[in-house]
Amino acid sequence: MTYTPERPLRVGIVGAGPAGFFAADALIKQDVPVSVDLFDRLPTPFGLVRYGVAPDHQKIKSVTRLYQKTLDDPRVRFFGHVSYGQDLTLTELRRFYDAIIYTVGAPSDRPLGIPGETLTGSISATEFVAWYNGHPDYAELSPELSMGSVAVVGMGNVAVDVTRILAKTADELLQTDIADHAVEALRHSQVRDIYMLGRRGPAQGKFTTKELRELGELTNADVVVDPADMELDPISEASLAEDPMVAKNIEVLREFSVRAQTGRPRRVHIKFLSSPVAVLGDTKVEGLRVEKNELRDRGGVLAAVGTGETEVLPVGLVLRSVGYRGVALPGVPFDEKRSVIPNERGRVTASAGGTVVPGEYVAGWIKRGPTGVIGTNKADAAESVRCLLEDAPGLARVVDTDAAPESVERFLEAKGVQFFSFDHWLELDALELEAGRAQGRPRVKLTRVEEMLRRNRVT
Ligand code: NAP
């Protein structure tokens with residue numbers, strides 16, 4: 001079929017985070033006439049940029065200006081507060097769209113698989129991040145901050161983010177768009193020692209140098225690295241020449257390890273070769289047993305192997321920051337092993353390496369797994385959109401009555417779904433920015449769905 005401005009290629013995108021916006025942008029920047037609808041289960045757009053990127057990293061959040069421009073294009077519409085599977089099922093989506101792109105990210109977390117992991121006070125960094133960023137699902141989280149010590153398990157950028165937020169003062173945090181409930185709780189935090197635990201060595205840290213350096217620039221915390229941890233094994237030493245970022249990370253960590261402590265109120269302990277083996281306590285966390293590891297060469301990859309030597313850290317909060325995890329969508333194939341939607345360059349397949357499911361595509365973390373920065377999703381989404389466009393001539397399956405852009409709106413209204421449009425978002429955005437201006441902050445977020453809907457008179 002040849003698409004025309006009167007009967008454009010109709011694409012429905014499920015998930016209005018970075019991958020969804022980059023996919024929408026790639027679709028409107030090519031020659032086939034298109035009409036794109038972006039759905040999100042929350043009233044607000046931008047996904048992980050709003051609810052994942054750290055509140056003190058506002059520069060990274062400025063990418064939303066580009067996304068907003070995409071929404072300004074008359075060919076793109078936003079439908080917030082529409083849940084896939086409930087408000088709109090796969091069968092219903094198929095009725096209105098020639099192609100569907102899943103861009104739902106990786107909303108869950110990987111477990112550690114150790115005893116005591118489910119005790120009160122042991123939570124995932126995913127939840128903690130969503131809480132301080134004002135995600136409506138986590139507004140009630142109330143993390144345990146009345147004990148003197150916290151353990152953050154993992155050595156990626158998420159671990160660095162949560163460590164930094166725990167270490168900063170409430171006044172520093174008040175200069176950001178952190179959720180009001182979080183800054184209030186953090187203002188009363190008794191936390192003095194934050195232990196960031198890496199199971200492997202300093203050369204295997206997953207953090208980037210810029211983020212690592214920030215830990216050394218905290219005004220409210222000293223950074224502590226054991227000089228003994230900085231004696232590298234031959235394989236780690238060789239990796240410095242192969243990877244400039246590893247070399248820079250080691251340089252920064254070596255400088256941390258010889259720094260004199262200045263008696264700042266908090267301490268960030270970056271501990272390597274340390275694996276949690278049990279979260280201790282009856283009903284709530286009272287400590288974390290940690291085993292010392294050594295590195296063994298497993299076919300060129302250095303693996304952590306326990307030495308049997310353990311210590312107990314007296315922590316009241318354990319934040320597991322060992323990676324995000326994708327979750328299956330009803331009716332859509334799922335690769336349980338990798339927690340992604342199986343796909344061939346973005347074309348959904350029935351199973352890993354299986355046959356292609358016509359008209360269904362995937363982009364972002366749910367396509368490739370939870371790695372890479374926001375910008376990584378641009379090329380990722382572009383690849384999926386290229387495949388979609390190659391297939392486009394054979395995709396048109398929507399009957400003419402359902403191809404009209406109003407049909408999906410009418411359908412949702414008839415079903416009683418109170419969707420949030422781009423105009424609603426603009427109003428909410430203006431409201432949050434205005435509240436921010438009044439307090440000298442980038443924005444003050446609304447954190448309850450009911451409030452978002454009420455303020456915008458959707459209800
Ligand atoms: P990540 O970079 O994959 O780091 C996960 C960490 O968890 C690694 O240190 C890993 O160690 C450790 N780990 C995994 N399983 C473990 C276990 N069983 N016990 C102990 N440790 C374990 O994941 P992330 O920090 O969640 O970040 C996700 C992505 O978002 C990354 O690409 C990150 O760069 C990006 N991000 C970027 C920014 C930024 O640019 N500012 C901020 C936040 C996130 P091993 O290496 O030993 O497996």
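Modeller: Let's begin with helix α11 (residues 234–242), whose buried residues are Ser236, Ser239 and Leu240. Buried means under 20% relative accessible area, exposed over 50% and partly exposed in between, with a 1.4 Å probe and protein chains only. Helices (H or I, at least four residues) and strands (E, at least two) are DSSP runs, numbered from the N terminus. This is a predicted model: local features need pLDDT of at least 70, side-chain atom pairs count only at pLDDT 80 or more, and totals for chains, interfaces and linings use all residues. Residues are numbered from 1 along each chain as its sequence is written, and side-chain values use heavy atoms, leaving out hydrogens and water.

Colleague: Which residues are exposed on the other side of α11?
Modeller: Those are Pro234, Ala241 and Glu242.

Colleague: And what do the buried residues of α11 pack against?
Modeller: They pack against α12 (244–257), β12 (287–298) and β13 (301–313). Contact here means heavy atoms within 4.5 Å.

Colleague: New topic: how many aromatic pairs are there?
Modeller: The structure holds 13. Rings of Phe, Tyr and Trp (its six-membered ring) pair if their centres lie within 6.5 Å; planes under 30 degrees apart count as stacked, over 60 as edge-to-face and the rest as tilted. Phenylalanine 46 and tyrosine 67 make a tilted pair, 6.0 Å centre to centre with 40° between the planes.

Colleague: Are those two buried or exposed?
Modeller: Phenylalanine 46 is buried at 4% relative accessible area, and tyrosine 67 is buried at 1%.
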